[in-house]
Amino acid sequence: MPSTVPPEFSVNIDEKKCARCKKCTIECGFGALAYSNEFDCILADDSKCVACLRCVAMCPRRAIRIERSPLTFKHNDNFTDEIRKNIYKQAETGGILLTAMGCDKPYPIIWDHLLIDACQVTNPSIDPLREPMELRTYLGKKPDRLEFDVDENGEIRLKTELAPNVRLDVPIIFGAMSYGAVSYNVQKSLMMAAMQNGTLMNTGEGGLHRDFYKYKDHVIVQCASGRFGVHAEYLNAGAVVEIKIGQGAKPGIGGHLPGEKIDAEVAKTRMIPVGTDALSPAPHHDIYSIEDLSQLIYALKEATEYKKPVSVKVAAVHNIAAICSGIVRAGADIVTIDGFRGGTGAAPRVIRDNVGIPIELALAAVDDRLRQEGIRNQASLVVGGGIRQSADVIKAIALGADAVMIGTAALVALGCRICQKCNTGNCSWGIATQKPHLVSRLDPEVGAQRLTNLLSAWSHEIQEVLGALGINSIESLRGNRERLRGIGLDEKTLEILGIKPAGR
Amino acid sequence: MIRIDAKDMHYRALNERIRELVESGEAGVELDNVCGQKFIGDGLRARMRIVINGTPGNDLAIFMDGPEIVVHGNGQDGIGNTMNSGKVVVHGNAGDVIGYAMRGGKVFIKGDVGYRVGIHMKAYQDSVPAIVIGGAASDFLGEYMAGGVVVLLGLSGGKITGDYVGTGMHGGVIYVRGDVEDNYLGREVIKSEPDARDISIIGRLVGEYCAHFGKDFDEIMRKPFLKLSPRSHRPYGSLYTS
């Protein structure tokens, strides 16, 4: 059936500026640009342009301009252009609309309605340029109380047995992005940056490439329902083992890496044949209850000899507080919650845009519930799904998080333009692709440096804010909601967040 | 062979003891009075023989990579869960989700099994896992199966499979001794007659089954087998648009 969906973008090439170097035709991963011998110019197929803007960035003469296509439909606030386009596409194909990255709908962003306190006359602020500021934190179960023994020499010794914890020098980790969804070079950049900055990256559910076993102290290995690349050696090759139940962009939905992305290396890492769909449905078929979850948590602890914290990752959904209480009681050392703005390599649009809740509310509700039940110390809370800047990190920690995870922000640091076409595998920036000529565009050394710079910049900013708050450690900020005020939020939302309105 | 009396032993202590034996290079261990201890063989990477007298708990041989486990008794749920290599032989019946995402090695169950057996089974290069079931299987046999071999012998008589056999199957093969009516099959599955290569695969696995449980090979092989395989390696390839 011929498509009647009009192109979203229009590619304009200034012929006077264009040197006919043809670089843009190579740079476009989506095949939207081609050189015409006949007319001696670059011809653009607007229908293939996704506004990844690689050509614009790489054109040596700055001769390319991408614009939104001129009026394609009569304006309507109800049946918007996007809604009409989606109906046309579905009328043509009968398929589920697939999309990538996080939800881009204009739901309120609560981070932007939170303001942070500062010390002035009554309490002095601290100058972070001169005073030490502690950003170090530990993930894992903390004991209910500490007991000590005094030995015959009068030495005091800790009697309480401590559960395994993992050290973070910055309270920011890289969220799960599997090899297959992102390229080898992306994972390598993340691992190198995690190692350089004393933090963690998460393999996602695609296994761990053999080359990366050397980064083991900085890796969270995931065990998802499809169990791709999961074996005893893999489980022991990480600092943390994570059971992936849900993901913010697609709660209740599993992973589905299409066969065309399963090349030889991805197949080797996932341990499946080349070209087969990698299906990883939402339910783990050995988990149908909290008791079953507990069983898998302890199976993983047995397999790693109780030496590593076990994390359980869920999407932020209604009743998340009770869900997380169950997860902690099932024995998880870390609970990872991903809000509805969390990214994805591919998800049905209807799920991404309509299912789940914001991480701000989920985090506040979970932290509150675990405190009320007296079990907050039994697990660390890691949250993600829409963390865009250091201010979001600070606000998340003040709402009760031990650490945050960043996915999209990390990819943006690597060059991603959020064109939201990861699902096609044509990423012109060499991020969400397995095509060798595209993958080679991201130099892992450069990528790691950019990520390191980002973490370093955010760390300095967090230290500045801590100083302004008059506190000198990130641990003193955790759950410190008195330091937050809401602006433009209704009473119920303030109640769930556990904060006062600005002015009080 | 070392013997351990597992009576009243917590699974954690029992498994720790087994890991110690592995580390000391012990080639075999026999566990007496096993009663519900979970995770025996969990993540063990070794050449070792574990004989279990009693009923082991759930997730026997989960993440296991190498050992051989023989159970003189029934098995419970999750035997061979995400197993990488090795062998499990159960002289009795077994529960649900046997061989979940199993990627190598073999599981032999003398009698019947429960639900979702062989779910997500995978294969990669030389690693081709196999499950041989002497009796009948319940619903969802080979669901989401992506590789490997399941042989279902139906020796206990009566109905041989439950409903939804091979739902979502996109790799691997299920051989059933006897017939399965179409209405018990998932949409992703096609029925066919085994060829010479199939018969040789079945023959080898049935031979091993008979050797473990002392059954008559010729009598089992006399009845014809049915082959169930996936229609496509990409069952949901055209479900999406973007």
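A:Asp169 is partly exposed, at 27% relative accessibility. In this predicted model, A:Asp169 forms a salt bridge with A:Arg167, and the closest N and O atoms are 3.0 Å apart. A:Arg167 is partly exposed as well, with a relative accessible area of 42%.

The side chains of A:Arg227 and A:Asp286 meet in a salt bridge of 3.1 Å, N to O. The two residues are 59 residues apart and link distant parts of the chain, with A:Arg227 in the loop between strand S13 (219-223) and H5, and A:Asp286 in the loop between strand S16 (278-280) and H7. A:Arg227 counts as buried because its relative accessibility is 0%, under the 20% cut-off. A:Asp286, at 9% relative accessibility, is also buried.

B:Lys106 and B:Glu208 form a salt bridge whose closest N and O atoms are 2.8 Å apart. This pair, too, links distant parts of its chain: B:Lys106 lies in strand S6 (residues 106-109) and B:Glu208 in helix H2 (residues 196-213), 102 residues apart. B:Lys106 is partly exposed, with a relative accessible area of 29%. Back in chain A, salt bridges that share partners join A:Asp367, A:Arg371, A:Arg376, A:Asp402, A:Glu475, A:Arg478 and A:Arg481 into one network.

Salt bridges also cross between the chains. The count between chain A and chain B is four. In one of them B:Arg19 pairs with A:Glu302, the closest N and O atoms being 3.1 Å apart. The interface of chain A and chain B also holds 19 residue pairs in polar contact. Helix H3 (81-93), strand S5 (96-99), helix H5 (232-235), helix H6 (264-270) and helix H7 (290-303) of chain A each supply at least two residues of the side that touches chain B. H7(A) gives the most, with seven residues. By class, this side of chain A has 22 nonpolar, 15 polar and nine charged residues.

The extent of the interface can be given in residues or in area. The contact takes 46 residues from chain A and 39 residues from chain B. Together the two chains bury about 3700 Å² between them, and 57% of that lies on carbon and sulfur atoms. A:His285, A:Gln295 and A:Glu302 supply 18% of the area that chain A buries against chain B, more than any other three residues.

Within chain A, helix H8 (residues 320-329) is mostly covered, with seven of its ten residues buried. Those seven are A:Ile320, A:Ala321, A:Cys324, A:Ser325, A:Gly326, A:Ile327 and A:Val328. Their cover includes H7, strand S17 (310-315), strand S18 (334-338) and helix H10 (359-372) of chain A. Just after H8(A), A:Gly331 takes a positive phi of about 110°.

S18(A) and S20(A) pair in the parallel sense over five bridges, and A:Val335 stands opposite A:Leu381 in S20(A). Strand S20 (residues 380-384) of chain A has five of its five residues buried, so it is largely enclosed by the rest of the structure. A:Ser380, A:Val382 and A:Gly384 point one way from S20(A), while A:Leu381 and A:Val383 point the other way. S20(A) also pairs in the parallel sense with strand S21 (residues 403-406) of chain A over two bridges, where A:Val382 stands opposite A:Ala403.

Another sheet of chain A is open and has three strands in the order S6-S22-S23, with mixed pairing. Strand S6 (114-116) and strand S23 (500-501) stand at the edges, each with a single partner strand, so one side of each is left without a neighbour in the sheet. S6(A) and strand S22 (residues 484-486) pair in the antiparallel sense over three bridges, and A:Leu115 stands opposite A:Arg485.

A:Ile116 and A:Asp117 are among the residues touched by A:Leu469, together with A:Cys119, A:Leu477 and A:Arg483. A:Leu469 is found in helix H14 (residues 444-469) of chain A and is buried, with a relative accessible area of 0%.

Definitions and conventions:
Residues numbered from 1 in each chain as written. Chains lettered and ligands numbered in written order. Predicted model: local features only at pLDDT ≥ 70, side-chain atom pairs only at ≥ 80, totals over all residues. Heavy atoms only, no water. Contact = heavy atoms within 4.5 Å. Buried area = accessible area lost by both parts, 1.4 Å probe. Polar contact = N/O pair within 3.5 Å; in protein donor to acceptor, adjacent residues only side chain to side chain. Helix = DSSP H or I, 4+ residues; strand = E, 2+ residues; numbered from the N terminus. Nonpolar A, V, L, I, M, F, W, Y, C, P; charged D, E, K, R; others polar. Buried < 20%, exposed > 50% of the residue type's maximum accessible area, 1.4 Å probe, protein only. Pairing = 2+ DSSP bridges. Lists of a residue's contacts leave out its neighbours within four places in sequence.
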